[in-house]
Amino acid sequence: KVEFELPALGYKERALRPKAQLEAKRLIDSELIAGRPGQFDVTFDDKLVFSRHEIGRFPTDEEVSVLF
């Protein structure tokens, strides 16, 4: 399971594209969940695989596709 953790407002549009990309290419179950302001984390099987806070930017579409 992949989770995109983001604030209730603001980054939803940024998460919908990679979410759809993962689900279409690999049939991976994913979900958007509420997080802290400024947060955009991607977890896979409860392991953090991308953190906007640590990297300082959003993941690219290419990065999302190679993470899984």
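I looked up the lining of the largest cavity in this predicted model. The residues I noted are Arg-14, Arg-17, Pro-18, Phe-40, Phe-58, Pro-59, Thr-60, Asp-61 and Val-64. Helix 1 and helix 3 (61-67) are the elements that give two or more residues to this lining. Helix 1 supplies the largest share, with 3 residues.

I then sorted the lining of the largest cavity by residue class. I got 5 nonpolar, 1 polar and 3 charged residues.

How much space lies in the largest cavity? I read about 50 Å³. My search of the whole structure turned up 1 cavity of 30 Å³ or more.

Next I went to salt bridges. The structure holds 1. I found the side chains of Glu-63 and Arg-57 meeting there, at 2.7 Å from N to O.

Glu-63 has a relative accessible area of 23%, so I logged Glu-63 as partly exposed. Arg-57 comes out at 37%, so Arg-57 is partly exposed too.

Last, I checked Ala-15. Ala-15 sits in helix 1, which covers residues 12-26. I recorded Ala-15 as buried because its relative accessible area is 0%, where the cut-off for buried is under 20%. I also took a C-alpha distance from Ala-15 to Leu-32. The two residues are 17 apart along the chain, and their C-alpha atoms are separated by 7.6 Å.

Key: Residues numbered from 1 in each chain as written. Predicted model: local features only at pLDDT ≥ 70, side-chain atom pairs only at ≥ 80, totals over all residues. Heavy atoms only, no water. Helix = DSSP H or I, 4+ residues; strand = E, 2+ residues; numbered from the N terminus. Buried < 20%, exposed > 50% of the residue type's maximum accessible area, 1.4 Å probe, protein only. Salt bridge = Lys/Arg side-chain N within 4 Å of Asp/Glu carboxyl O. 1 Å grid on protein atoms, 1.4 Å probe; cavity = no way out; pocket = protein on both sides within 12 Å on 5 of 7 lines; lining within 4 Å. Points joined across faces, edges and corners; volume = space filled by probe spheres on them. Nonpolar A, V, L, I, M, F, W, Y, C, P; charged D, E, K, R; others polar.
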